[in-house]
Amino acid sequence: MRDRGLALHASQAAYYLWLDFCVFHTVRRLLRITEHMHTIMFCYGLDFTTVWNQVLQQVYVFSSLWVDIVKAFPGRFPYSRKAASAVRNFLFPACVVPINTIVLVLFWSLYLSAPHMIEDRGIMERYLESWMNHCLHTNIIIISLMEIIICAPKFPSRRRAFVTIVGMVLLYSITASSCRMLGGPWAYPIVKIMFSNWMSFIVFQAICISIGFSGYIVAERINNLVHGEQRKIMNASNGYHQDCIKNHLQ
């Protein structure tokens, strides 16, 4: 399991470095369009849920890779290992999986039915290749499934995950509104519409939270389905060893 986890995270880290390189060159092309594009891209960097998703996903992957490497050297880097382990155990199920689900469901449902609600400047059609579109909005769920099947992550309580998802959605709303008040554009036309009044704003928040929490529930069930029996055996074995220790001490 450890070797497979190391191989998975190393390949994911290489994949994301390559993707970052490609995205960087795409952004450079966009910055040459107009002198005002610098302000637009800065706001987009804070306003795009895709950017939030990529940041969280890559923080998780590189922290997991660090933990896998440190495990190969027992006794060394104990504090950084504990910190990175705590980050990855919480970050993946409570943050990465929900935002992956939100990006996947909202993006493709709108892109296929009403693409003008995603982007109305024609930038995606002119500058974003189809393969990059899938790397940013489709592969994210495949990578999450690989993580669940190969690495058997630990899931926090549903209550804790729900509170985290609500916090992320509200934080994004605050960030998007702040960027707009600072003079930046709305990243998505759908966000502009849904933020136009309080009723639509509340509906939009509820939809995002529901999608994110549904993704968490599905991922949790897949994790239990794939690794449930193995964990039962491990728990039973740990209980047996603890009983042996107690009997020995008595």
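Which residues form one aromatic cluster with Tyr15? Select Tyr15, Tyr16, Trp18 and Trp131, and you have the cluster on screen. Rings of Phe, Tyr and Trp (its six-membered ring) count as a pair if their centres lie within 6.5 Å; planes under 30 degrees apart are called stacked, over 60 edge-to-face, and the rest tilted.

A word before moving on: this is a predicted model, where local features need pLDDT of at least 70 and side-chain atom pairs count only at pLDDT 80 or more, while totals for chains, interfaces and linings use all residues. Residues are numbered from 1 along each chain as its sequence is written, and side-chain values use heavy atoms, with hydrogens and water left out.

Next, look at the aromatic pairs, of which the structure holds 15. Pick Phe107 and Trp108: they sit edge-to-face, 5.0 Å centre to centre with 85° between the planes. Both Phe107 and Trp108 are buried (under 20% relative accessible area; exposed is over 50%, partly exposed in between, with a 1.4 Å probe and protein chains only). Now try Phe195 and Phe201, another edge-to-face pair, at 5.1 Å and 80°. Phe195 and Phe201 are buried too.

Finish at Val191, which touches Tyr172, Trp186 and Phe204, leaving aside residues up to four places away in sequence; contact means heavy atoms within 4.5 Å.
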